[in-house]
Amino acid sequence: MSDIIRHNGIIDTVTERRVRVRILQTSACSACKVAGHCSASESKEKLVDVDVSNGLTDYSVGDQVVVSTTASAVGKAMVVGFVLPFVVMVGALLVALLLTSDELLSALVALASLVPYYLLIYMLRSRLGRSVTFSIEK
């Protein structure tokens, strides 16, 4: 089993140091023959920025490419994006419940605890972006 995750995409924009690729992410049932008649099929369009380290790009808008990353990088992104915010929110909820015994106030404190978390993530975005890298190939 491969540790590399690959998606086909089309180049949307090209700059000196970055290539933006448009990926059509589909659910498993979107490939079904009756997906057009069913409301369960789903597809989303994603934009992925791929840094080009050497600054020399031979890519142009409209080229079909393959964008890849490692499963461990995806795992790190999932932990930062979903697991840690959940832990922060539940922790804040429990602490607020112990201190106040007011469920409504505790719920509001738990939701408000995500604001500093996501502000911290925003401030550290360049550092976190180095751990989740994408590569591109024609």
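Where does S101 lie? In this predicted model, S101 is part of the loop between α1 and α2. Its backbone is worth a look, as phi of S101 is near 65°, a positive value in a residue other than glycine. S101 is also exposed, because its relative accessibility of 62% is over the 50% cut-off.

Helix α1 covers residues 71-100 and helix α2 covers residues 103-112. Their axes come within 8 Å of each other and cross at roughly 150°, and the crossing is right-handed. On the α1 side, the contact is made by M89, A92, L93, A96, L97 and T100. On the α2 side, E103, L105, S106, A107, V109, A110 and L111 take part. Sorted by class, the residues of this contact are ten nonpolar, two polar and one charged.

One of the α2 residues in this contact, S106, can be followed in more detail. S106 is found in helix α2 and has a relative accessibility of 0%, so S106 counts as buried. Leaving out residues up to four places away in sequence, S106 touches L93, A96, L97 and T100.

T69 counts as buried, because its relative accessibility of 8% is under the 20% cut-off. Which residues is T69 in contact with, leaving aside its neighbours within four places in sequence? The contacts of T69 are D3, I4, I5, V74, T133 and F134. One of these, V74, falls within the residue range of helix α1, 71-100.

Finally, the aromatic rings can be considered. How many aromatic pairs does a search of the whole structure find? The search finds one. The pair consists of Y117 and Y118, whose ring centres are 5.2 Å apart. The ring planes of Y117 and Y118 stand at 80°, so the pair is edge-to-face. Are the two partners buried or partly exposed? Y117 counts as buried, at 11% relative accessibility, whereas Y118 is partly exposed, with a relative accessible area of 40%.

Methods:
Residues are numbered from 1 along each chain as its sequence is written. This is a predicted model: local features need pLDDT of at least 70, side-chain atom pairs count only at pLDDT 80 or more; totals for chains, interfaces and linings use all residues. Side-chain values use heavy atoms; hydrogens and water are left out. Axes are lines fitted to C-alpha atoms, for helices over the stretch in contact, and angles run from 0 to 180 degrees between N-to-C directions. Helices (H or I, at least four residues) and strands (E, at least two) are DSSP runs, numbered from the N terminus. A crossing is left-handed if the near helix is turned anticlockwise from the far one by less than a right angle, and right-handed if clockwise. Contact means heavy atoms within 4.5 Å. Ala, Val, Leu, Ile, Met, Phe, Trp, Tyr, Cys and Pro count as nonpolar, Asp, Glu, Lys and Arg as charged, and the others, Gly among them, as polar. Buried means under 20% relative accessible area, exposed over 50%, partly exposed in between (1.4 Å probe, protein chains only). Rings of Phe, Tyr and Trp (its six-membered ring) pair if their centres lie within 6.5 Å; planes under 30 degrees apart count as stacked, over 60 as edge-to-face and the rest as tilted.
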